[in-house]
Amino acid sequence: MQEPLLGAEGPDYDTFPEKPPPSPGDRARVGALQNKRVFLATFAAVLGNFSFGYALVYTSPVIPALEHSLDPDLHLTKSQASWFGSVFTLGAAAGGLSAMILNDLLGRKLSIMFSAVPSAAGYALMAGAHGLWMLLLGRTLTGFAGGLTAACIPVYVSEIAPPGVRGALGATPQLMAVFGSLSLYALGLLLPWRWLAVAGEAPVLVMILLLSFMPNSPRFLLSRGRDEEALRALAWLRGTDADVQWEFEQIQDNVRRQSSRVSWAEVRAPHVCRPIAVALLMRLLQQLTGITPILVYLQSIFDSTAVLLPPKDDAAIVGAVRLLSVLIAALTMDLAGRKVLLFVSAAIMFAANLTLGLYIHFGPRPLSPNSTAGLESYAMGWGPITWLLMSEVLPLRARGVASGLCVLASWLTAFVLTKSFLPVVSAFGLQVPFFFFAAICLVSLVFTGCCVPETKGRSLEQIESFFRTGRRSFLR
């Protein structure tokens with residue numbers, strides 16, 4: 001039997017008996033086809049995250065361009081620039097709120113596909129903008145789409161992926177978001193700001209096309225009583241030669257025991273409120289590390305620190321470093337485990353933010369160009385893993401609503417940070433936000449050690465069983 005998530009001993013956790021393991025030959029033959037199809041469905045879904053990452057940092061090259069614009073209708077003041085940067089997070093919060101309904105009403109796949117509507121409309125508004133209101137509305141709509149996909153895609157991916165590759169696949173939403181950001185930075189070196197918005201339409205269209213051929217989540221289909229469709233979806237994902245009956249019966253049994261939606265009274269039950277609290281606090285701490293305002297104003301930050309390379313080039317370098325770090329996380333998450341990467345990530349972020357704050361405060365010289373350590377370590381741990389753990393620990397009955405709640409709280413926090421970042425820097429200096437981010441990283445270290453379970457190699461049903469019957473409570 002595998003050891004429990006938090007080291008508790010005893011038979012409580014092993015709720016589902018293990019079937020005899022297949023031979024190595026069978027495992028290789030079946031696993032190859034299984035993973036190919038799961039990878040294809042995952043890729044189709046996480047194109048939404050690509051668009052989200054692209055839209056999130058759209059303002060990085062655009063704000064400096066519009067601050068120097070000769071068109072009086074598009075010229076941005078510092079106050080208008082802060083709104084242009086931060087209104088995306090308000091849209092994302094609204095998207096997270098809508099996901100609380102759409103995730104369970106339409107299902108994970110259709111909710112992701114629905115996000116294409118506001119995303120395409122938002123890019124079109126920004127591409128053809130002739131006034132500030134069009135920029136703000138377009139930014140809000142792309143934020144709404146991003147918030148919706150941020151709540152739906154991790155849940156979809158976790159529900160279709162087998163335990164052996166769920167960690168690696170769970171990192172792909174963040175990986176594609178980072179790749180989307182890098183693409184924006186790279187295109188920003190070549191294209192004017194209007195054409196950057198036009199280019200943002202392409203991944204949205206490809207996502208719609210591919211998702212049209214992908215199955216819905218078997219767990220969602222079972223929760224709606226569509227058992228035959230759920231079995232077909234699971235068989236397609238696992239491959240025609242795979243024996244899916246045992247896995248299907250596990251999922252079916254778990255869904256039947258939770259066939260009704262969770263009530264507000266039931267939320268107070270420990271096995272429901274604890275995983276929701278863990279997921280919610282992780283999302284809040286992730287945002288409080290400062291990643292969103294740094295990415296939104298990245299080129300402006302480089303402008304103010306007089307780095308050696310042109311700010312556009314530095315922004316592209318940061319995007320490449322983040323992509324490399326998420327790749328490391330994806331490859332090591334199922335080997336090292338979630339908690340190890342969270343510890344390493346938070347520790348390096350603390351050291352990087354503290355060093356940057358001290359250097360800005362005391363250093364007589366401008367910042368050196370090697371200021372990416374904090375972003376690199378974030379992308380290696382607290383970026384991808386918090387999204388994965390959110391989708392892993394939330395109970396099935398509350399997964400749609402709770403994931404939307406987590407995204408809502410996350411992006412409201414991001415709005416406060418992003419809207420206040422430029423005024424705080426103007427009033428107190430750039431070092432103050434970095435000192436605050438360093439303090440949050442210390443809190444994240446303590447929280448990881450005390451409250452976060454290790455979910456490596458567990459099925460979603462086993463994780464949920466742990467919260468229901470585990471002998472140790474990690475929120476006591």
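Does Arg108 count as buried or exposed, and at what relative accessibility? At 2% relative accessibility, Arg108 counts as buried, where buried means under 20% relative accessible area, exposed over 50%, and partly exposed in between (1.4 Å probe, protein chains only). Some notes on the rest follow.

1. Ground rules. This is a predicted model, so local features need pLDDT of at least 70 and side-chain atom pairs count only at pLDDT 80 or more, while totals for chains, interfaces and linings use all residues. Residues are numbered from 1 along each chain as its sequence is written, and side-chain values use heavy atoms, with hydrogens and water left out.

2. Overall make-up. The protein has 24 helices and 0 strands. Both are DSSP runs numbered from the N terminus: helices are H or I with at least four residues, strands E with at least two. Of the 476 residues in the protein, 59% are buried. The exposed surface comes to about 18,600 Å², and carbon and sulfur atoms supply 68% of it; accessible areas come from the Shrake-Rupley method with a 1.4 Å probe, and for residues only the protein chains shown count as cover.

3. Sequence range of contacts. Take the contacts (heavy atoms within 4.5 Å) between residues at least 6 apart in sequence: 84% of them join residues at least 24 apart. Two pairs are worth a look on screen. Pro270 and Phe467 sit 197 residues apart in sequence, with their C-alpha atoms 7.9 Å apart in space. Leu110 and Ile208 are 98 residues apart in sequence and 9.8 Å apart in space, again C-alpha to C-alpha.

4. Where those two pairs start. Pro270 lies in helix H15, residues 270-288, and at 39% relative accessibility it counts as partly exposed. Leu110 belongs to helix H4 and is partly exposed too, at 40% relative accessibility.

5. Back to Arg108. This residue is in helix H4, which covers residues 108-114. Its side chain makes a polar contact with the side chain of Glu159 at 3.0 Å. A polar contact here is a pair of N or O atoms within 3.5 Å; within protein, one must be able to donate a hydrogen and the other to accept it, and residues adjacent in sequence count only if both atoms are side-chain atoms.

6. The Arg108 salt bridge. The side chains of Arg108 and Glu159 also meet in a salt bridge, 3.0 Å from N to O. Arg108 lies in helix H4 and Glu159 in helix H6 (residues 132-160), so the pair ties together parts that are 51 residues apart in sequence. For the term itself, a side-chain nitrogen of Lys or Arg must be within 4 Å of a carboxyl oxygen of Asp or Glu. Glu159 is buried, with a relative accessible area of 1%, and Arg108 is buried at 2%.

7. Other salt bridges. The structure holds 4 salt bridges. One of them joins the side chains of Arg226 and Glu229, at 3.0 Å from N to O. Arg226 counts as partly exposed at 37% relative accessibility, and Glu229 is partly exposed with a relative accessible area of 31%. Arg238 forms a salt bridge with Glu247, and the closest N and O atoms are 2.8 Å apart. Arg238 is buried, with a relative accessible area of 2%.

8. Cysteines. If you were planning to look for disulfides (pairs of cysteine sulfur atoms within 2.5 Å), a search of the whole structure finds 0. Cys451 is in no disulfide, and the nearest cysteine sulfur, that of Cys450, is 5.5 Å away. Cys451 counts as buried at 13% relative accessibility, and Cys406 counts as buried at 0%.

9. Helix H2 (residues 59-67) is mostly covered, with 8 of its 9 residues buried. Among the buried ones are Pro61, Val62, Ile63, Pro64 and Leu66, and also Glu67.

10. A nonpolar patch on the surface. Leu189, Leu190, Leu191, Trp195 and Val198 form this patch, with about 490 Å² of accessible area together. Patches are made of residues with over 30% relative accessible area and no salt bridge; like charges are joined within 9 Å, and nonpolar side chains (Val, Leu, Ile, Met, Phe, Trp, Tyr) within 5 Å. Trp195 is found in helix H9, residues 193-199, and counts as exposed at 52% relative accessibility.
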